[in-house]
Amino acid sequence: MTFEGFQTLAIHAGQEADAETGAVVVPIYATSTYAQDGVGALRAGYEYSRTANPTRKALEECLAALESGTRGLAFASGMAAEDTLLRTIAKPGDHVIIPGDAYGGTFRLFSQVLEPWGVRWDAVPQTDPDAVRAAMRPETVAVWAESPTNPLLNVTDIEALAGVAHDGGALLVVDNTFASPYLQQPIHLGADVVVHSTTKYIGGHSDVVGGAVVVADAELGERIAFHQNTMGAIAGPFDAWLTLRGVRTLGVRMDRHCQNAERLAAELVRHPGVGQVYYPGLPDHPQHKVAERQMRAFGGMVAFRPHGGEEAALRVCGRTRVFTLGESLGGVESLIEHPGRMTHASAAGSPLEVPADLVRISVGIESADDLVADLVQALEE
Ligand SMILES: *Cc1c(COP(=O)(O)O)cnc(C)c1O
């Protein structure tokens, strides 16, 4: 794994000072079209902003560098990125394997949008690569993985899964939203495609929705770019600029997210009012060894089950003062939520249903002592 220079890339990749003015920060190119110096004589390759825009291009180059891919593509949201990618690599009759505990939006995209169009899928627990191998079919074009998963923080062995996918002639796609490229680089572990909701850690400030795809293979990158331009779910220049503004501090923020989350997970384990704690950094996490091997640190997401059932979980969610009650994750501010009634409410009755007493926290970068004190007071009887 080559993690060297991550912060240098985050600040400089795709972001040379402006040739004309010397502006250190890539400007917001709020333009739909570009003057041509004669019919078809493009000044810098730009023709129309759905096809390419300099602010978006800066973000795309930066993300490609951070994921060690050959091409990055930025979209209007994580779901737009997923949709464009899937309509590039899968056609009616094809089959895709998704995680048994896939992100709810991904599950909905497969079950309610792609399936009616003829794309087939199976949800398989991916902590067991042999289960994925058994589910492979001749029509399987991709294995879609997430690690760590939401909200139970299961960890998938990406290298093992790449072997399974490639043995079956399929691509391995990894949704790297929870880890971010700072903690985990799936392409180095054998993945072909990385997907992000840049809304989360990459943007990092809860002020913009966006998505990205990064690929290892340039030819596949060309095909996705064709679909990006044809379908048009691009990141606009303002959104691309905000995301780029966020990504410049990704490594620094992630260090603090991880440090705070490790501290909170340890405090929760010790707390008499808490039962199970889910965090890949805990030595008794079932895939702790895999996480240690493929991640730089264990991330900023923690889940736990307070004693006292759903009522207790709801009480904790309603009592915090530093943690804000809300969906989403990955911003500088700490968030708390009840997956059963919020992010995962639509999974009720399905195999993706989560325990009713589960609480999920997105640990922000506030002072750790304040976060600990806040959770402790919220857990008081
Ligand atoms: C949020 C999220 C998405 C969807 O991204 P949007 O930007 O909300 O469209 C996809 N995967 C994971 C793991 C997410 O957390």
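Colleague: How many Å separate the centres of domain 1 and domain 2?

Modeller: Over C-alpha atoms, the centres of domain 1 and domain 2 are 26 Å apart. Domain 1 covers 6-247 and domain 2 covers 251-379, with bounds from an automatic or database domain assignment. This is a predicted model, where local features need pLDDT of at least 70 and side-chain atom pairs pLDDT 80 or more, while totals for chains, interfaces and linings use all residues. Residues are numbered from 1 along each chain as its sequence is written, and side-chain values use heavy atoms, without hydrogens and water.

Colleague: How many residues does the contact take from each domain?

Modeller: Contact means heavy atoms within 4.5 Å. Here 36 residues of domain 1 and 37 residues of domain 2 take part.

Colleague: And what area do the two domains bury between them?

Modeller: Buried area is the accessible area (1.4 Å probe) that two parts lose on being put together, summed over both. For this pair it is about 3,000 Å², with 60% on carbon and sulfur atoms. On the domain 1 side, Y182, L183 and Y201 supply 27% of the area buried against domain 2, more than any other three residues.

Colleague: How many salt bridges cross the interface?

Modeller: A salt bridge puts a side-chain nitrogen of Lys or Arg within 4 Å of a carboxyl oxygen of Asp or Glu. The rule finds 1 across this interface.
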